[in-house]
Amino acid sequence: MIAAGRKVAVVGMGGAFPTCKDLNDFDRKLFAGESMIREWPKALQYPKQIRSTVAGYITEEEMNLEAIHPVPETEWPETYVDHLGRIPDMNLATADLGCVWAMIGALEAIKMAGWTTEETESEQTGVVIASGGGGNVVSRHAWHAFYELGKKTRMAGSHTVDRAMSYREAANVSCLIKNKGVCESIISACATGLGNIGYAYRLIKFGLQDRAICGGVEGTALETFIGFDAMQVLSKGFSPAESSRPFDVKRNGFVCSFGAGIVALEEYEMAKARGADILAVIDEYFNNSDGDGNMFYPSYDGQRRLWRGLMAGGNVKPDVVKVHGTATPVGDIIELVSVVESIGENGYSICAPKSQFGHMLGAAGSVEFITALLMLKNQKVLANKNSDNLNTELENFQQKPGWNGPMKPAAEYRHLISQDIVAKEINQIVCLNYGFGGTNSAMAISRDI
Amino acid sequence: MENSNERKEILDGLLEVLRTVRTIDPARLEGVTEETDFLTDMNTPSTELINIAAKVEQKFDIEFEDEDIDRMGSKVKDVIDLIIMVKERGANK
């Protein structure tokens, strides 16, 4: 299947990041150790109905967008105005908020890549982007108008489908950049962001496309937040900056966040030949399923098989492992022990960037992929904020009959999990992301040296 | 009763509606007459006509039957005719 000699380079990136005005601001805040998590005024409007009120949200104003509400008393955004003139009105009319971020991120990534219009619009350029959830904001108001208010279907407007369909981000980006190659979405819950990049990588590696715009998105939506709050899996009881605490013994859930991470991929020799700035080379991508029939519970066996698949080519020896690290009670430590059992207890650093901006759901994998690109560029490992105390005792799952993994508590791995930024030589980073349904994704990227 | 003033008022109201439809290039709203065609002259996406109809209902405080919209033509005069017909239908009820 793999076309001989083809390698894949990352040549551009862009997106939307909580509290950040652009990618440079995101870079600066990450490596200044700043938190991008805040109390969310929208959640605070429902104090008796919502359990967690912190989030990594992004407002329209922060992205220089304005939502147009045809009926002032409703929150329904009929369309958006882009005050920076980045996206034409025609394209904004078919987009929900996440789609607008995806289009902005795509334009930024293409600009950084330096692709010509001819290259961008080529049959050899694909778009592979998705979000984890549906177009919940648009759908909620359409359904409310029909079911609760008894309005005719046309009151939902003629853009409910294109603004809420599952692959709306890919469709909107494709219509904006006018590529003539594939336009698809890979949807796999919180592995979506990395899964789309992985699929795009394979399209190029297998010789089906030469370029791809790819990534994941999760538009700010209280409607999305509500579902996770109902599951009682969100962090509660800490100040906003202290709420996301991967590996810490007091962690009690993840911080629901929103954002977009879009990257430009290109066949390596083509990128090299035109003098492109190679941000990273993708060494391997592997994904699998837990296969244990459990929708939610993380699988040590599934993650061990994920590592074996990723390392099958013999070219994976990371300096940094960028973990999924959501700060849920079980997930972090199963992931930790699967990492150390797979690649040993020394010689690398673990990094959980969700500690600074929370869990961006369908965007998590791609935004964290961008943090990996920035770690390669800056030659620094991001801090594991709030991982103040690691458990000195075994986890419950390690004490159950049949457990065949490491029998050390998390505190034994403190040397891998720095609370501070670490400056060191970084040549390779492995990125890990998982999703509901037992889906697992892993990608190894390297510096182009 | 239908007269030229009424049609002019409706056209002005319709233009107000069309200015809020962001898939229509504002430049194409210059010099709109009753003979202007939404699809061929304004380059309006066909899917947008239902949005225009819904906005017209709110603007003129009327409600079209589904059949009214099914029969609606794509010229400005077709929409004006429909608005007048629906208003008269409401008045006769």
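Analyst: Let us begin with A:Phe369, which is buried, with 30 other C-beta atoms within 10 Å. A residue counts as buried if 20 or more other C-beta atoms, placed from the backbone, lie within 10 Å of its own, as exposed if there are 12 or fewer, and as partly exposed in between. Please keep in mind that this is a predicted model, in which local features need pLDDT of at least 70 and side-chain atom pairs count only at pLDDT 80 or more, while totals for chains, interfaces and linings use all residues. Residues are numbered from 1 along each chain as its sequence is written, and chains are lettered from A and ligands numbered from 1 in the order in which they are written.

User: Which helix does A:Phe369 lie in, and what does it touch?

Analyst: A:Phe369 is part of helix α15 of chain A, where helices (H or I, at least four residues) and strands (E, at least two) are DSSP runs numbered from the N terminus. Not counting residues up to four places away in sequence, A:Phe369 touches A:Gly193, A:Leu194, A:Ile197, A:Gly261, A:Val263 and A:Cys431, and two residues are in contact if their C-beta atoms, placed from the backbone, lie within 7 Å.

User: How do α9(A) and α15(A) lie to each other?

Analyst: The axes of helix α9 (residues 192-205) and helix α15 (residues 364-378), both of chain A, come within 4 Å and cross at roughly 75°. The axes are lines fitted to C-alpha atoms, for helices over the stretch in contact, and angles run from 0 to 180 degrees between N-to-C directions. Therefore α9(A) and α15(A) are roughly perpendicular to each other, since angles under 35 degrees count as roughly parallel, over 145 as roughly antiparallel, 65 to 115 as roughly perpendicular and the rest as oblique.

User: And which residues meet there?

Analyst: From α9(A), A:Thr192, A:Gly193, A:Leu194, A:Gly195, A:Asn196 and A:Ile197 meet A:Ala364, A:Gly365, A:Ser366, A:Val367 and A:Phe369 of α15(A). By class, this contact has 5 nonpolar, 6 polar and no charged residues, where Ala, Val, Leu, Ile, Met, Phe, Trp, Tyr, Cys and Pro count as nonpolar, Asp, Glu, Lys and Arg as charged, and the others, Gly among them, as polar.

User: Okay, new topic: which residues touch the most other members of the largest nonpolar core?

Analyst: In that core of 135 residues, they are A:Val100, A:Met103, A:Val263 and A:Leu265; a nonpolar core is a set of buried Ala, Val, Leu, Ile, Met, Phe, Trp, Tyr and Cys residues joined through C-beta atoms within 7 Å. Helix α4 (residues 97-113) of chain A gives the largest share of this core, 12 residues. Apart from it lies another core, of 14 residues, among them B:Ile10, B:Phe38, B:Val56 and B:Val76.

User: What is chain B built from, and how much of it is buried?

Analyst: Chain B has 4 helices and 0 strands, and buried residues make up 24% of its 93 residues.

User: How many residues does each chain bring to the contact?

Analyst: Chain B brings 8 residues and chain A brings 9 residues. On the side of chain B that touches chain A, the residues divide into 3 nonpolar, 3 polar and 2 charged.
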